[in-house]
Amino acid sequence: MKQKNKAEIISWKGMNCVQLTAGGYTALIAPEIGSNVLRLHDDTNGIEFFRWNPDNTPKSIRQSPEVWGLPTLYLPNRFADGVLKISDHTYHLPVNEKEPYHNHIHGFLHKRKHTITAYSANEVGAWVRTAYVYNEEDTFFQYLPLLFTASFLFILSDCGLEYQFSMINQSNAKLPISIATHTTISAPFVDGAKEEDIRIQVPVQERWVLNERCLPTEEILPLSEYDKKYLEEGQCPVKRVVDNEMYTAGKLKYQGKPFRGVKMTDTASGKGIAYKVSEGYHFWILWNDRGEKHYFCPEPMTAMIDAPNLSLPAEKTGYRELQSGEIYHLTQQFQTILPEDENA
């Protein structure tokens with residue numbers, strides 16, 4: 001008998017979350033921790049998409065929300081010395097990354113308590129909407145006094161998890177736009193599998209050089225033989241150090257069609273994860289917390305690290321600004337790959 005699709009508010013260790021059940025998948029979303037998708041599990045095929053520990057608590061996740069689940073970051077990655085220089089103003093963000101880096105890192109959106117605005121389920125799937133209204137009540141407003149609302153929509157179905165993000169500029173000034181998800185993929189992600197059997201394919205086009213502060217030098221290199229392995233057979237993303245490998249994004253092929261995203265495969269079982277992103281994501285940065293903590297991060301970014309402060313043009317860095325009243329929209333999708341899918 002087919003399981004009924006459900007969207008329900010549950011208490012997870014004392015914190016209200018939304019649990020979606022549909023299409024053979026289960027998702028656990030925490031509006032109180034930045035609308036983070038704490039867990040996405042394929043119940044039929046035994047796939048744990050994101051870094052997940054059942055012994056975790058809301059308190060432990062809040063201590064480092066960047067390295068659990070699917071956290072959405074604004075403003076993501078690093079801004080040198082906390083300076084954010086945009087077309088009509090220069091903002092000074094708090095320097096929250098210690099020496100030798102001395103940068104502002106990852107912003108605030110993923111740490112805030114968001115609001116559930118709607119949730120439901122039907123015969124097609126289950127979904128939830130959340131939102132965060134950024135205004136004078138946020139302690140970060142002293143550094144970035146610009147009004148906006150961020151909206152999140154998560155849809156679970158037999159197509160996996162679709163995630164839609166939007167932001168509207170409600171201020172009279174320009175709103176800097178740089179968005180990323182610090183996507184934490186479980187290693188291994190197939191139940192009972194081995195980490196060393198994982199391979200990740202990434203649509204890399206060119207390599208950006210970062211300095212000792214993890215900031216772009218503005219030198220951009222053609223792909224090396226090492227880089228090209230991400231395009232071809234793929235590379236193991238764990239059991240070795242992957243430290244902020246920064247690439248311009250392109251496309252792979254999946255089921256004979258262009259695919260804007262990354263593919264992760266467990267070579268022993270043939271099962272995998274297709275992680276698709278919309279055109280607004282111009283870069284991938286790869287990181288694995290030194291490779292021995294049972295997760296890795298293929299992170300899609302809309303703009304380059306420190307983008308508004310670079311001398312390169314916006315069409316190269318991906319940086320943009322929203323006019324008053326303008327809306328910005330992005331999408332992502334996570335889906336199980338089965339051995340027969342590649343030839344479908």
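Predicted model: local features only at pLDDT ≥ 70, side-chain atom pairs only at ≥ 80, totals over all residues.
**Charged and aromatic side-chain contacts**

Which residue forms a salt bridge with E48? That partner is R39, and the closest N and O atoms of the two are 2.8 Å apart; R39 itself is partly exposed, its relative accessible area being 27%.

Let me move to another salt bridge, the one between K316 and E206, where the closest N and O atoms are 2.8 Å apart. Since K316 belongs to helix α3, residues 314-317, and E206 to strand β19, residues 204-210, this pair ties together parts that lie 110 residues apart in sequence. On the accessibility side, K316 is partly exposed at 32%, whereas E206, at 18%, counts as buried. Salt bridges with shared partners also join K251, R260 and E279 into one network.

For the pair E8 and K6, the closest N and O atoms are 3.8 Å apart, and the contact is a salt bridge; here E8 is partly exposed at 27% relative accessibility, and K6 is partly exposed at 35%. Over the whole structure, the search finds 14 salt bridges.

Turning to the rings, the count comes to 22 aromatic pairs. One of them is W12 with W52, whose ring centres are 5.8 Å apart and whose planes meet at 40°, so the pair is classed as tilted. W12 sits in strand β1, residues 6-12, while W52 sits in the loop between β5 (47-48) and α1 (58-63), so that this contact ties together parts 40 residues apart in sequence. W12 is buried, with a relative accessible area of 10%.

Y25 and F49 also form a tilted aromatic pair, at 6.2 Å centre to centre and with 55° between the planes. With Y25 in strand β3, residues 25-30, and F49 in the loop between β5 and α1, the pair ties together parts that are 24 residues apart in sequence. Are these two residues buried or exposed? Y25 counts as buried at 5% relative accessibility, and F49 is buried at 0%.

Beyond pairs, one aromatic cluster is formed by Y74, F108, Y134, F140, F141, Y143 and F148.

Finally, there are contacts between charges and rings: the charged end of R51 sits over the ring of W68, 3.7 Å from its centre, and R78 lies over the face of Y101, at 5.5 Å from the ring centre.

Notes. Residues numbered from 1 in each chain as written. Heavy atoms only, no water. Salt bridge = Lys/Arg side-chain N within 4 Å of Asp/Glu carboxyl O. Buried < 20%, exposed > 50% of the residue type's maximum accessible area, 1.4 Å probe, protein only. Helix = DSSP H or I, 4+ residues; strand = E, 2+ residues; numbered from the N terminus. Phe/Tyr/Trp six-rings, centres within 6.5 Å; stacked < 30°, edge-to-face > 60°. Lys NZ or Arg CZ within 6 Å of the ring centre and 35° of its normal.
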